Amino acid sequence: MVLAMDPDEKYHYSYKKDFRTALPQLLAVSVKNLLLLGYGMTLGFPTILIPAVKDPMEGEILHLQNSEISWISSINLIVVPIGCALSGSVTSPLGRRRAMQLVNLPFFIAWLIFHFSKTTSHLYTALILTGLAGGLLEAPVLTYVAEITQPHLRGALSATSSMCIIIGVFTQFLFGLLLYWRTVALVNIVFTILAVVALCFVPESPHWLVSKKRYSEARQSLQWLRGWTAAANVDAELRDIEALYKKKKEAEGDEETLLARMSLYTERSFLVPFFLVSYAFFVGHFSGMTTLQTYSVSIFQMLEAPIDKYYATLILGVLQIAGSCASVSLVHWTGKRPLTLLSTAGAGLVCLLVASYDAYIITSADKDVPEIVNFTTTASSGIMASSNPTAWIPTTLLMLLALITHIGIRLLPWILIGEVFSARTRAGGAGLASAVGYIFGFLTNKMYISMVDTLSIWGTYGLYGIVSLSGCVVFYFILPETEGKKLNDIENHFAGLSKLANKVYRSKRRPPPEITKISELKGTTNPTFEGDATYI
C-alpha cells in the first residue's frame, strides 16, 4: 500500500531536500573558513604585539624602537602580494584541498617563532612567513568555494570568507585582553592544526579533478557536495563541467606552451573581470574603512570621541562582523549589485558628512588637528573621553561607516574574485587580483598620515567620499549581477559572447513527484512508484 502526500508534506519534503543539498556545501566552506580564520589571526596579532614589545613588562626580552615597530605593522602586507602572484601557479598543480592543507605549514612555523622569539629578526621572519602564506592561500581558497557551490548558494557562502577573516582579527583583540602575547601565539596554533585535520574530511574540487581527467573521483566529490546523493543525480552537472574543460582544451590545445598560457591573460575574458575586481578593491580600500581599521585609535582621538578610543575600536570590530553577517544573509536575496550600490553610496555620504563636521566644527573654531598617535598610546582611565557635546556625531558616523562598508563594498571583490574569471585563468587571476588588492591596502595605510598632514582629516575623508560616490556610479554601469548565475554564463558574459541580466536567479522549489493514490491502482499490475514516499 502507498501513502499519498498532502500539499503540506510535499513542501516539507522540498525544504528538507534543499537543506540536505546545501548542508555539505556549507560544511565544506566552513572547513575552508578555518584556514581564513587563522589568516585573520595573523592580521590581528600585530595589534597586541606592538604595545607588548614597545613597553614590555618585566622579564620580556624584546624591547623595540619606533622604527622597528613600523615594520611590524606593515612587513606582512608587503609580502602578501608576492604570495598572491605565485598562488595560482604554485598551488594549482597540487589541487585545492591539498594546497589549503600545506599552506598551514608556514602558519604553524610562524606561530612557534613568535612564541620563542628572542630578537627582532625572529619577529620579522614570522611576519614574512604569515604574509607569504596569506598570499599563497588566496587562489585555492577562492576558487574552491566557486567550484564546489551551486550558483544560488555561491554568493552567500563566498561572503563568509571575509567575515571569517574579520572574526579572526577580532579574536586577537579578545585573546590579547586575557593572555600574554606569547601565549596567544601558542593558542593560535590550535586553529592551524584544526584546519589541517578538518580538510581531510571534505572532498577535492570536482572542477580540478575533471581538469586532471579523474572523472570517477569528480563524480564522488559531486555526490558528497550535493547531499550525499546517488551518482545518477550528479551526472548532468558532471557533464557540464567536462564540457567546460573540453572547451578549454580545444581552445588551448593539448600541448600548451608558456607563450600560449601567457596570452590567456591578454584576452577580454581575463582583462575585463580583472579590471572590475581591481577597481572594486580600489574603492573598497579608499572608501575610508581600511585606514579607519588601522588608525582607529588616533582617528577617534582626533575627532574627540565621547567614549574611550579603545572601547570605540572594539565596538568598531563588532560592527564590522555585524555588517559581514548582514551581507552573507542578504546577498542571496538581493544580489550583489544592490548591496554594492547601497554600500558605496552610503559610505560616500558618511565620509562627506565626517569631512563636513570636521571642516565646520574644528576649522571654524580654529582648532589645530592633533598629531597622529599610534596604537600604543595609553588609554584614558574612564570610558568618557571628551566633553565636546557634538563629538558623538563623527563617532556615530564612523561606526556607521564600518557597518555599511562591510555590507557591500568591503566584501564584494572577495566574492567576485572566485567567479568572474574563466576556467583557464581562474587560479592565476584570483592570485593576481588578490595581489592588487593587498597593494591598494598597503598604499592606503602608507599614504594616510601624509594625506592628513597635507589635506587635514576633513580633506582626507572628503576624498574618500568622492571615491565612494564615483564608485557607486561606475559600478552601476559595469557591475553585472552574478548572484545565482552559472560559472560558464558568467564567463561568456565577460568574454562578450552573451550578457547577464541584472536579476538574481533563484531556483524554484519543486515538490516531489505526485504519489499515485490507492484508488488509481485498481486494475494496475506491477505499478512503478516515484519519489521518496514511505511505503507500507
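Q: A helix is a DSSP run of H or I, at least four residues long, numbered from the N terminus. In which helix is Leu339 found?
A: First, a caution: this is a predicted model. Leu339 is found in helix α18, which covers residues 336-364.

Q: How many helices and strands does the protein chain have?
A: The secondary structure comes to 22 helices and zero strands.

Q: Is Leu339 buried or exposed?
A: Buried means under 20% relative accessible area. Leu339 has 7%, so Leu339 is buried.

Q: Which residues does Leu339 touch, leaving out those up to four places away in sequence?
A: Leu339 touches Ser327, Leu330, Val331, Thr334, Ile407 and Gly408. Take Ser327: 12 residues separate Ser327 from Leu339 in sequence, and their C-alpha atoms are 7.7 Å apart.

Q: Where is Ile307 found, and is Ile307 buried or partly exposed?
A: Ile307 is found in the loop between α16 (296-302) and α17 (309-334). Its relative accessibility is 21%, so Ile307 counts as partly exposed. Buried residues lie under 20%.

Q: What share of the chain's contacts join residues at least 24 apart?
A: Count contacts between residues at least 6 apart in sequence: 82% of these join residues at least 24 apart.

Q: How are two packed helices described?
A: Two numbers are used: the angle between the axes and the distance between the axes. Here, helix α5 (residues 104-116) packs on helix α6 (residues 120-136) at about 160 degrees, and their axes are 9 Å apart. Angles over 145 degrees count as roughly antiparallel. α5 and α6 are therefore roughly antiparallel to each other. Their crossing is left-handed.

Q: Which residues make the contact of α5 with α6?
A: α5 gives Pro106, Phe107, Ile109, Ala110, Ile113 and Phe114. α6 gives His122, Leu123, Thr125, Ala126, Leu127, Leu129, Thr130, Ala133 and Gly134. By type, 11 are nonpolar, four are polar and none is charged.

Q: At what angle do α3 and α6 pack?
A: Helix α3 (residues 75-91) and α6 pack at about 40 degrees, with axes 6 Å apart. α3 and α6 are therefore oblique to each other. This crossing is right-handed.

Q: Which residues of α3 and α6 meet?
A: From α3 come Ile75, Asn76, Val79, Val80, Gly83, Cys84, Leu86, Ser87 and Thr91. They meet Tyr124, Leu127, Ile128, Thr130, Gly131, Leu132, Gly135 and Leu136 of α6. This contact divides into 10 nonpolar, seven polar and no charged residues.

Q: What tends to happen to nonpolar side chains in soluble globular proteins?
A: Such side chains tend to be buried together. In this chain of 536 residues, 52% count as buried. The largest nonpolar core holds 53 residues, and Leu137, Ile417 and Phe475 touch the most other members. Helix α14 (residues 268-285) supplies the largest share of this core, seven residues. Another core, of 28 residues, lies apart from it; Leu292, Tyr295, Ala402 and Val467 are among its members.

Q: What does Leu137 touch, beyond residues up to four places away in sequence?
A: Leu137 touches Leu35, Leu36, Tyr39, Ser87, Val103 and Phe107. Two of these names have come up before. Ser87 takes part in the contact of α3 with α6. Phe107 takes part in the contact of α5 with α6.

Definitions and conventions:
Residues are numbered from 1 along each chain as its sequence is written. This is a predicted model: local features need pLDDT of at least 70, side-chain atom pairs count only at pLDDT 80 or more; totals for chains, interfaces and linings use all residues. Side-chain values use heavy atoms; hydrogens and water are left out. Axes are lines fitted to C-alpha atoms, for helices over the stretch in contact, and angles run from 0 to 180 degrees between N-to-C directions. Helices (H or I, at least four residues) and strands (E, at least two) are DSSP runs, numbered from the N terminus. Angles under 35 degrees count as roughly parallel, over 145 as roughly antiparallel, 65 to 115 as roughly perpendicular and the rest as oblique. A crossing is left-handed if the near helix is turned anticlockwise from the far one by less than a right angle, and right-handed if clockwise. Contact means heavy atoms within 4.5 Å. Ala, Val, Leu, Ile, Met, Phe, Trp, Tyr, Cys and Pro count as nonpolar, Asp, Glu, Lys and Arg as charged, and the others, Gly among them, as polar. A nonpolar core is a set of buried Ala, Val, Leu, Ile, Met, Phe, Trp, Tyr and Cys residues joined through side-chain atoms within 4.5 Å. Buried means under 20% relative accessible area, exposed over 50%, partly exposed in between (1.4 Å probe, protein chains only).
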